[in-house]
Amino acid sequence: MADNRDKATDQMKLWKESRGAQRPDTLTTGAGHPIGDKLNLQTAGPRGPLLVQDVVFTDEMAHFDRERIPERVVHAKGAGAFGYFEVTHDISRYCKAKVFEHVGKTTPIAVRFSTVAGESGSADTVRDPRGFAVKFYTDEGNWDLTGNNTPIFFIRDALLFPSFIHSQKRNPQTHMKDPDMVWDFWGLRPESLHQVSFLFSDRGLPDGYRHMNGYGSHTFKLVNADGERFYCKFHYKTDQGIKNLSVEEAECLASTNPDYAIGDLFNAISNGNFPSWTFFIQVMTFEQAEKLQFNPFDLTKVWSHKEYPLIPVGKMVLNRNPVNYFAEVEQLAFDPSNMPPGIEPSPDKMLQGRLFSYPDTHRHRLGANYLQIPVNCPFRARVANYQRDGPMCMFDNQGGAPNYFPNSFSAPETQPQFVESKFKVSPDVARYNSSDDDNVTQVRTFYTQVLNEEERQRLCQNMAGALKGAQLFIQKRIVENLKAVHPDYGNRVQTLLNKYNAETQKNTPVHVYSRPGASAIAASSKM
């Protein structure tokens, strides 16, 4: 049976074999001092207390106490790999970024796939969107295209993001996943219908990370060498083909092999079966954007492939596993604001919010100098700026160069050719309500034209199976939202809910959480 073990399971054995005839290294402390005994504390006699001078112990334990960094609030569980991006088609008419400068150019990349809502120990096969983040180490600095395996998202306004994530996480009192929270938020924000429908379709359970597409999701702006500007969306199409798990397969794997997707990716690369994706863009002119019937920057909507066809750009190949997970995956940090010249943000409200949120998160998790961590370092460009000091400064801190700007001493200077493109902003500043920006038309197209009859049936079964755990008034609200998409959609889900509710022979009670009265507080204080 041991002969059938895969590469991930045999990692320790393979590491030893890779050393060949090398003798084991000398064991040392963190400061490099050789260690004579790593099994026994230094104590006063065989039964006596330990000594403070036992640096072998204190060095080990003090580091152990600090091993964990804050877990990602979202996308906590993930897999990483490395490879390259190669340009196969010329898009210089749209974009001047050097990463696309000529056919045949290759750029090293780092990729992290992930689930979204679960914690670091959660199962890989839960129904959840999948993160699909790519770091391009370009000649002009890192480009982080931080997307998902869906072309859309649940919300279009970044102000809602913390509340949305809270609704998907754990109840603040019970510390349990709460279907009332999940479905209450989705029901009150019907712009989520498109993504929710995608999520509960077959593609909500991708078979690992190799058999799913990736999307930049947001609308971005491209600028060419002549200063012409275009709006664009980015797509990765899997060359392995789309493959999804059945509900039964996913549930079985969640209990028997919760790290299924991580192992599948690791073993494929270890066996030389390098996964790849073909990279495309969709392009929209500013004039087309002005005339579009809907907001082209709305993250809950897609652009028609018929009107804005996919334009091939290149191929992404993953051919190296991480040498160490913590160093190269847990510390791998993606920032949508990392955009080289020629790629700029659009007015997409969700993208604009992420431009702040992501680097702010990394500074919290990894420190102010997180871009000096090797896996995040823009190693193909030379960093020269006026940022100094901070925890974990890993290099020479830019030596004796001036740390202020402007200066008269030949320190880094601005380059006017890299100034961002101009754009006009004329409307009044206000908080604009976008909650009812046609939340149903594209969902109706997805339900009636994208899905076939069997897929529609599975969608409704999956949704009702999850929705049945919510209170009845929340169920009714969701069904009404679905009926606004298409009567058949809502009626099918309602029929299934009626069956589930009849089987339980009870209505879900209303959970009322109230603050304890003064007497209860006084009583608890005496315990």
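Asp25 and Arg19 are joined by a salt bridge, with their closest N and O atoms 3.7 Å apart. The structure is a predicted model, and a search of the whole of it finds 27 salt bridges.

Two further pairs are Arg68 with Glu67 and Glu344 with Lys221. Arg68 counts as exposed, with 70% relative accessibility, and Glu67 as partly exposed, with 33%. The salt bridge of Glu344 and Lys221 links distant parts of the chain, since Glu344 lies in strand 10 (residues 343-345) and Lys221 in strand 6 (residues 220-223), 123 residues apart. Both residues of this pair are buried, Glu344 at 10% relative accessibility and Lys221 at 4%.

| Salt bridge | N to O distance |
|---|---|
| Asp25 and Arg19 | 3.7 Å |
| Arg68 and Glu67 | 3.8 Å |
| Glu344 and Lys221 | 3.7 Å |

Salt bridges also form a network, which links Glu101, Lys105, Asp139 and Arg380.

Elsewhere, helix 3 (residues 161-168) packs with helix 4 (residues 179-188) at an angle of about 145°, and their axes are 7 Å apart. Helix 3 contributes Ser163, Phe164, His166, Ser167 and Gln168 to the contact, and helix 4 contributes Met181, Val182, Phe185 and Trp186. Of these residues, five are nonpolar, four are polar and none is charged.

The average pLDDT of the protein chain is 93, and 95% of the residues score at least 70. Residues 520-527 stay under 50, and the model has one contact beyond four places in sequence for them. Where pLDDT is low, predicted coordinates should not be read in detail.

How values were computed:
Residues are numbered from 1 along each chain as its sequence is written. This is a predicted model: local features need pLDDT of at least 70, side-chain atom pairs count only at pLDDT 80 or more; totals for chains, interfaces and linings use all residues. Side-chain values use heavy atoms; hydrogens and water are left out. Axes are lines fitted to C-alpha atoms, for helices over the stretch in contact, and angles run from 0 to 180 degrees between N-to-C directions. Helices (H or I, at least four residues) and strands (E, at least two) are DSSP runs, numbered from the N terminus. Contact means heavy atoms within 4.5 Å. Ala, Val, Leu, Ile, Met, Phe, Trp, Tyr, Cys and Pro count as nonpolar, Asp, Glu, Lys and Arg as charged, and the others, Gly among them, as polar. pLDDT is the predictor's confidence in each residue, from 0 to 100. A salt bridge is a side-chain nitrogen of Lys or Arg within 4 Å of a carboxyl oxygen of Asp or Glu. Buried means under 20% relative accessible area, exposed over 50%, partly exposed in between (1.4 Å probe, protein chains only).
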